[in-house]
Amino acid sequence: MAALAQDNPWRAGIVTDEFIYTEAPFPSCHASTLAETKEGIVAAWFGGTYERHPDVGIWVSRLVKGKWTKPVEVANGVITPNFRMPTWNPVLFQIPNGDLMLFYKIGPDPRHMQGYFRTSADAGKTWSEQKRMPDGFSGPVKNKPVLLDDGTLLCGSSTEIDGWMVHFERTRDFGKTWEKSGPINDTRDYEVIQPSILQHGNGVLQILCRSQNAVVAESWSYDNGKTWTLMQPSGLPNNNSGTDAVTLADGRHVIVYNHVKTAINASRGHRTPLNVAISNDGKQWDAALILEDSQIKEYSYPSVIQTSDGMVHVTYTWRRERIKHVAFDPNRLKTKPIVDEKWPQ
């Protein structure tokens, strides 16, 4: 930690910086997710030969007494003994006083994925049989859902078929039945996917989305997600890579993202550095942390939660080789305003 602090001044408040594993039976990994259970934190991601390879499965590790357990494959895309498809983007959600849910997708590519989920009654040690979602449903496509006051689990989802479009999927009974609404964006203006949902109280929600428009795009709802405003820039840049965000218990909002703007005429920007910003209102963002800052790519696809002790936990892809875990105290951050999408010096 001392060496990291010397190399990077944006480290105030970090209390844990570690790999979930250093050795695994798969060479490549991506798209991690986090949840807090009654027995501690659980992480999941997809791993295999490489993204899109048929051997890619969903792997889980649990943080037990300060140590991560050995990764275990808990889901895969085996269709028949001779046919298998890759899995994609797991998402964990802990039902209050209930089961741990694990959403994931199976399909040959992001354009042709079907949603599935499993549940665990013992904090991720064992899992139920695979359950297929209705045709055309994928559940939360990358980032965690939020539980609304009326008991609805609201999942931010998206498709990449005829342009990039964000929509929402809802379940009022934790996966037994599903409803869908949207898409909410016009692809002539914004191509967006993978929304994170922030909660501002009194039915006000905000989403932050990955985009092909070089910005983290945002939209607001004032009726618990029934209708949404036009997509707009959030004041943060985007490199056409996944982000994640969470509303803290004190009402502040945290986003983890690559503070990188896609260059003109480029399809995407660098996936380094990896940054944390914080906001009181979801509109003005302050620079808070730099989790990684290396010319060796990539550091990407973060997941972020706040646990019951107040700490904020982040996992992310480290060079497609490992999953990294960082925890920080949000009350010890040293911040500066982000102006004109520029990270402060």
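The following is a working chat about the predicted model shown above.

Biologist: Before anything else, what do I need to know about numbering and confidence?

Modeller: Residues are numbered from 1 along each chain as its sequence is written. In this predicted model, local features need pLDDT of at least 70, side-chain atom pairs count only at pLDDT 80 or more, and totals for chains, interfaces and linings use all residues; side-chain values use heavy atoms, with hydrogens and water left out.

Biologist: How many helices and strands are in the protein chain?

Modeller: The protein chain has one helix and 28 strands. Both are DSSP runs numbered from the N terminus, helices being H or I with at least four residues and strands E with at least two. The radius of gyration is 19 Å, close to the 20 Å that the globule rule gives for 345 residues, so the chain is as compact as a globular protein of that length. That radius is taken over C-alpha atoms, and the rule is 2.2 Å times the number of residues to the power 0.38.

Biologist: And what box do the C-alpha atoms fill?

Modeller: Roughly 55 × 45 × 45 Å, taken along the principal axes.

Biologist: How much of the chain is buried?

Modeller: Buried residues make up 57% of the 345. Buried means under 20% relative accessible area, exposed means over 50%, and partly exposed is in between, with a 1.4 Å probe and protein chains only.

Biologist: What about charge, how many positive and negative side chains?

Modeller: There are 37 positive and 38 negative side chains, and the centres of the two sets lie 3 Å apart. Lys and Arg count as positive, Asp and Glu as negative, while His and the chain ends are not counted. Each charge is placed at NZ of Lys, CZ of Arg, CG of Asp or CD of Glu.

Biologist: Now β23: is it covered or open?

Modeller: Strand β23 (residues 274-279) is mostly covered, with six of its six residues buried. Leu274, Val276 and Ile278 point one way, Asn275, Ala277 and Ser279 the other, and all are buried. In a regular strand the side chains alternate between the two faces of the sheet.

Biologist: How many bridges does β23 make with β22?

Modeller: Five bridges join β22 to β23, and Asn275 in β23 is the bridge partner of Tyr257. β23 also pairs with β24 over five bridges in the antiparallel sense, and Ile278 stands opposite Asp286 in β24.

Biologist: What lies between β23 and β24?

Modeller: The two form a hairpin with six residues between them, and Gly282 in the turn has a positive phi of about 75°.

Biologist: Which residues other than glycine have a positive phi?

Modeller: Among them are Asn89, with phi near 35°, and Phe174, with phi near 55°. Asn89 lies in strand β9 (residues 87-94) and counts as buried because its relative accessibility is 8%. Phe174 is in the loop between β15 (165-171) and β16, and counts as partly exposed at 28%.

Biologist: Where are cis peptide bonds found?

Modeller: One runs from Gly182 to Pro183, with omega near 15°, and another from Lys297 to Glu298, with omega near 0°. Pro183 is in the loop between β16 (179-181) and β17 (192-201). Glu298 is in the loop between β24 (286-292) and β25 (299-306). Most residues other than glycine have a negative phi, and most peptide bonds are trans.

Biologist: Last one, Phe117. Buried or exposed?

Modeller: Phe117 counts as buried, because its relative accessibility is 4%. Phe117 lies in strand β11 (residues 112-120). Leaving aside neighbours within four places in sequence, its contacts (heavy atoms within 4.5 Å) include Met101, Phe103, Glu129, Met133 and Trp178. The C-alpha atoms of Phe117 and Glu129 are separated by 8.7 Å, and the two residues are 12 apart along the chain.

Notes:
Pairing = 2+ DSSP bridges.
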